[in-house]
Amino acid sequence: MVQSRSYHLLYTSGMEPLEVDEEGRARLRELGRAPTASWWVRDRVEMVLLAAEGWSAPRIAQHLEVSASTVRRVVRAFRQHGTDALERKLPGPPPDLQHQRRVQHALAALLEQPRTWTSSQLSQALAEHGLQLGPRQVRRYLNAMGASWRRTKMSLTHRQHADAVTHARRRLATLKKRPVRRG
């Protein structure tokens, strides 16, 4: 009767009962207790083991303080992929290492030139090499390469007229408060 009740709880929570044999449970326990196992692997192993014991998704979620949809997603992934589903996978395609090397070599060649670059200028120069990157991506590559960079100084000295500057400084000097003489 307890078995049918647990099946009922699993069925009403949107999960089919999970069947794991004793050998599979032992492997899961070993995986969860491994010294190199991360916390999310231990939590996911616990989710699968509790689901195999007949716990419902909401009950597992409450016990582990996660959402019930997370429990369902982990159990569903375990059914489809086995223990491979317990590790985190990075989203998106794998990194294109050949492209990264091309960008780094092109950037290194550009940075060896005796001049100062902005990230926008580097982005345009890379486009001439057939590499389409925005200034933000260029800054990320520079950071990964360990290249030091800083923002250019914002100044208007190149647009000022020397006569106007000296006249303005004299005018300001006449407007300053003078110290009171005592004595």
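## Helix 4 and helix 5

In this predicted model, helix 4 and helix 5 are roughly perpendicular to each other, a term for angles of 65 to 115 degrees, because their packing angle is about 110°. Axes are lines fitted to C-alpha atoms over the stretch in contact, and angles run from 0 to 180 degrees between N-to-C directions.

Helix 4 passes helix 5 in a right-handed crossing, that is, with the near helix turned clockwise from the far one by less than a right angle. Ala 57, Pro 58, Ile 60 and Ala 61 of helix 4 make the contact with Ala 68, Val 71 and Arg 72 of helix 5, where contact means heavy atoms within 4.5 Å.

## Helix 2 and helix 3

Helix 2 (residues 22-33) packs against helix 3 (residues 39-53) at an angle of about 155°, with the axes 9 Å apart, and the two are therefore roughly antiparallel, the term for angles over 145 degrees.

## Basis of the values

Residues are numbered from 1 along each chain as its sequence is written. Local features need pLDDT of at least 70, side-chain atom pairs count only at pLDDT 80 or more, and totals for chains, interfaces and linings use all residues, while side-chain values use heavy atoms, leaving out hydrogens and water.

Methods. Helices (H or I, at least four residues) and strands (E, at least two) are DSSP runs, numbered from the N terminus. Angles under 35 degrees count as roughly parallel, over 145 as roughly antiparallel, 65 to 115 as roughly perpendicular and the rest as oblique.
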